[in-house]
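Hello,

Here is the structure we spoke about. Please look it over; my notes follow below.

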Amino acid sequence: MTSPAAALRTTTFRVLTAGWALTNFADSVLSLIFAVWVTDLTGSAALGGATFAVFGAPAFVAPFLGRLADRVSRRRMLVWTYVAGAAVLVPLFWVSQASHVWLVYVVAVVYATVAYVTAACQSGLLKDMLPDESLGHANGRLAAIDQVFRLSMPLLGAAVYVWTGPMPLVAAAIAAFLGAAAVFAAVRITESVAADEDPRGFWPEAADGFRHLFSTPPLAGMTWTILGALAAVGLVNAVAFAIIDHLGLQAALLGPLTTLQGVAGLAAGLLAGRLMIRWGRVRVFTVGLLGLAVGLVPLAGSSVVAAVVAMGVVGFSVTSAVVAFVTERQVMTPARLQGRVGAASHVVLNLPGVLVTLAGAAALAVVDHRVLVLVNAAVCLVCGLLALRLRAVAPGDDAPGGATA
């Protein structure tokens with residue numbers, strides 16, 4: 001039997017992987033720098049922190065982006081999006097004082113929107129290119145690439161910013177977006193036929209992505225449980241510095257701890273495809289949620305060693321659960337619904353966590369951080385136990401070697 005990973009060895013997939021790697025670089029190289037830059041320009045940490053809220057704004061246009069991705073060539077949509085991403089960064093070369101901060105915010109919104117377009121288009125392209133049994137390996141590889149940039153870009157970007165300022169980073173992001181656009185313009189993919197005009201109108205059609213996520217078994221149960229788990233993780237993000245302080249460490253060590261989490265996530269991305277072939281997507285997803293609950297508990301304690309191990313467990317578990325969820329979503333979704341479902345899931349995976357992080361930061365003023373961490377762990381445990389009740393809908397999905405649904 002041909003290995004599921006064999007389909008990833010084609011020239012087309014390798015070229016597309018290079019294009020998405022360039023996109024990942026462009027998406028991540030400025031994500032932290034915007035906040036630092038605004039803080040330096042204004043002297044206000046609050047205004048700098050507001051950039052993270054700005055990054056969540058494109059969630060409100062995600063249904064439109066998903067609908068568009070189902071109605072046009074996704075490859076061409078990515079080409080024009082990456083060209084636009086490069087173009088919108090150009091005005092940043094003229095930002096030099098506090099009165100220009102509004103421009104940084106506007107650019108940040110468009111910059112963040114690129115990731116939502118990628119989410120809307122990538123899933124459908126993979127579905128068109130690869131057999132279902134290869135999707136897990138493809139998602140694992142892309143998740144590993146994402147973790148590499150999550151690990152390296154904050155440190156590299158911060159070093160370059162301190163040494164030379166933001167302009168070289170802006171130039172690098174522009175070059176990466178243009179490089180990605182060139183890759184997708186050059187490659188040829190046989191895409192599924194675009195969806196016809198829907199007589200129901202825009203909003204019912206746009207909402208089909210959310211409707212599919214929350215009504216298709218076992219995807220619906222996976223969506224609810226991962227939404228709860230990742231929203232709860234927002235509490236840990238909100239109290240990260242309180243955890244570091246309780247451990248008796250300096251705030252600067254949050255970076256290395258986060259790096260360890262990313263390394264574990266990288267390992268999960270590389271292994272996820274094989275794990276799903278052996279155990280099935282639903283089981284990998286469930287184990288990931290339960291592992292997340294277990295990994296969070298030591299963060300409420302005082303042991304540095306336990307906290308370090310916990311960060312690794314959290315990184316591996318979250319990545320495993322997300323890759324399994326994304327793969328199940330792709331397999332269970334028709335080709336020309338992939339854009340709307342992909343965009344909807346991007347909202348589900350990201351927006352609740354942002355909102356809970358803001359709420360957690362406010363709650364920290366009156367609630368001990370250890371309580372918030374344990375509440376988080378309890379929520380993740382409940383979500384994992386609920387996921388235990390989920391079953392793959394097609395025979396063989398959870399059997400060794402089974403990967404279709």
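After helix 2 comes Gly43, which has a positive phi near 75 degrees. Helices here are DSSP runs of H or I with at least four residues, numbered from the N terminus. Within helix 2 (residues 33-42), the buried residues include Ile33, Phe34, Trp37 and Leu41; buried means under 20% relative accessible area, taken with a 1.4 Å probe on protein chains only.

This is a predicted model, in which local features need pLDDT of at least 70 and side-chain atom pairs pLDDT 80 or more, while totals for chains, interfaces and linings use all residues. Residues are numbered from 1 along each chain as its sequence is written, and side-chain values use heavy atoms, without hydrogens or water.

Thr333 sits in the loop that joins helix 15 (304-331) to helix 16 (338-363). Thr333 is buried, at 2% relative accessible area. Its side chain reaches the backbone oxygen of Arg329 at 2.5 Å. Beyond its neighbours within four places in sequence, Thr333 is in contact (heavy atoms within 4.5 Å) with residues including Lys127, His212 and Gln338.

The second largest pocket is lined by Ala5, Leu8, His137, Gly140, Arg141, Gly269, Leu270, Gly273 and Arg274. A pocket is an open set of points on a 1 Å grid where a 1.4 Å probe fits, with protein on both sides within 12 Å along at least five of seven lines; lining residues have an atom within 4 Å of a point. Helix 13 gives the largest share of this lining, four residues. Helix 7 (132-164) and helix 13 (254-279) each supply at least two.

Regards

Technical notes: Buried means under 20% relative accessible area, exposed over 50%, partly exposed in between (1.4 Å probe, protein chains only). A polar contact is a pair of N or O atoms within 3.5 Å; within protein, one must be able to donate a hydrogen and the other to accept it, and residues adjacent in sequence count only if both atoms are side-chain atoms.
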